[in-house]
Amino acid sequence: MACPREETPSRQDVPRPGAPQPAVGLWRPPVHIQRTLDALGSFELGTWDEGGVRRFVTTFLKTRFPIILVLNKIDTPRADQNMAKICAMYPDAQYVPVSAAAERFLRNLHKAGVIHYLEGSDHYVTAEDDREGRYSLKPLDERTRRRLLNIQDLMLFRYGSTGVQAAIQRAVETQRVLPVWLVKNVHNFTDGSGSPNPFRDVILVPEGSTVRDVAYSVSHDMGEGLQYAEGPDGRRMAEDEVITLQNNIFKFIWVPPVRAAPTGTGSPDGATATS
């Protein structure tokens, strides 16, 4: 019943010299033009008949504006039949089965101390499961127990989660970006605001971004004044180091750039900063 998923090329190079520009009127970073040309394969750039233009535009739209179908209420009666109909209508689409109501119910129970549940997980812990009292959970009433078993059978066992977190993850993967956590303390991963919670701020950067690219995405001054980045292992990261899922937690050491002072005023002093 699963809709086939279309593979997306991984190259991020700039377009080949002389590439035509048929997608007039659409904001188009070079990477999307390149991905379109890669997806087309042996596409003769010098011949742009109507069929070729249509094929280019169709491929470009799939690359530039990828669509994910988030199929909500998947735990209701006739959900399987409805999902099959949608897949038949959009056979090339990516889709994620979701029950937002189930996710909200699990989060509310977790917040109330009735279960222990991690967002996107395929299971939860009740007071009966927590025999060591690790989470100090409240006992379940019969009505809540029945609803939890229903969610477990229809969603968690069948699809691996309620689908909410999976839909967000799929969207990030489709855009081909990477999460980067900028911290002030690389040992406890806090942001220096006084909050004890780690990993409070995350930014998304395109695949292939370097340390300096990340700095510029935060602010122009940080990009200009970047000295180096430091990871949790204490290693200094070079400005041209490419970001991956293995090195995407770090702090910046940078010096605010000195601006030319207006006539009649003193020059500002630069100061080293961390971020």
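A residue is termed buried when its relative accessible area is under 20%, exposed when it is over 50%, and partly exposed in between. Arg145, at 24% relative accessibility, is therefore partly exposed. These terms are applied below to a predicted model.

The chain comprises 8 helices and 8 strands. Of its 275 residues, 36% are buried. The chain exposes about 16800 Å², and carbon and sulfur atoms supply 53% of that area. Among contacts between residues at least 6 apart in sequence, 58% join residues at least 24 apart.

In general, an α-helix has 3.6 residues a turn, so residues three or four places apart point the same way. Gly113, which follows H4, has a positive phi, near 80°.

Side chains of opposite charge can pair when their charged atoms come close. A search of the whole structure finds 11 salt bridges. Because Glu119 lies in the loop between H4 and H5 and Arg107 in helix H4, the pair ties together parts that are 12 residues apart in sequence. Both partners are partly exposed, with relative accessibility of 49% for Glu119 and 32% for Arg107.

The loop between H4 and H5 also supplies a partner to helix H5. Here the side chains of Arg145 and Glu128 form a salt bridge of 3.1 Å, N to O. Arg145 belongs to helix H5 and Glu128 to the loop, and the pair links distant parts of the chain, 17 residues apart. Whereas Arg145 is partly exposed, Glu128 is exposed, with a relative accessible area of 52%.

A further salt bridge joins Glu207 to Arg176, with the closest N and O atoms 3.8 Å apart. This pair links distant parts of the chain, 31 residues apart: Glu207 lies in the loop between strand S4 (202-206) and helix H7 (211-218), and Arg176 in the loop between H6 and strand S3 (177-182). Glu207 is partly exposed at 29% relative accessible area, while Arg176 is buried at 7%. Elsewhere, salt bridges that share partners join Glu103, Arg107 and Glu119 into one network.

The surface includes a nonpolar patch formed by Val57, Leu61 and Phe65, which together have about 230 Å² of accessible area. Leu61 is located in helix H2 (residues 50-64). With a relative accessible area of 37%, Leu61 is partly exposed.

How values were computed. Residues are numbered from 1 along each chain as its sequence is written. This is a predicted model: local features need pLDDT of at least 70, side-chain atom pairs count only at pLDDT 80 or more; totals for chains, interfaces and linings use all residues. Side-chain values use heavy atoms; hydrogens and water are left out. Helices (H or I, at least four residues) and strands (E, at least two) are DSSP runs, numbered from the N terminus. Patches are made of residues with over 30% relative accessible area and no salt bridge: like charges are joined within 9 Å, nonpolar side chains (Val, Leu, Ile, Met, Phe, Trp, Tyr) within 5 Å. Accessible areas come from the Shrake-Rupley method with a 1.4 Å probe; for residues, only the protein chains shown count as cover. A salt bridge is a side-chain nitrogen of Lys or Arg within 4 Å of a carboxyl oxygen of Asp or Glu. Buried means under 20% relative accessible area, exposed over 50%, partly exposed in between (1.4 Å probe, protein chains only). Contact means heavy atoms within 4.5 Å.
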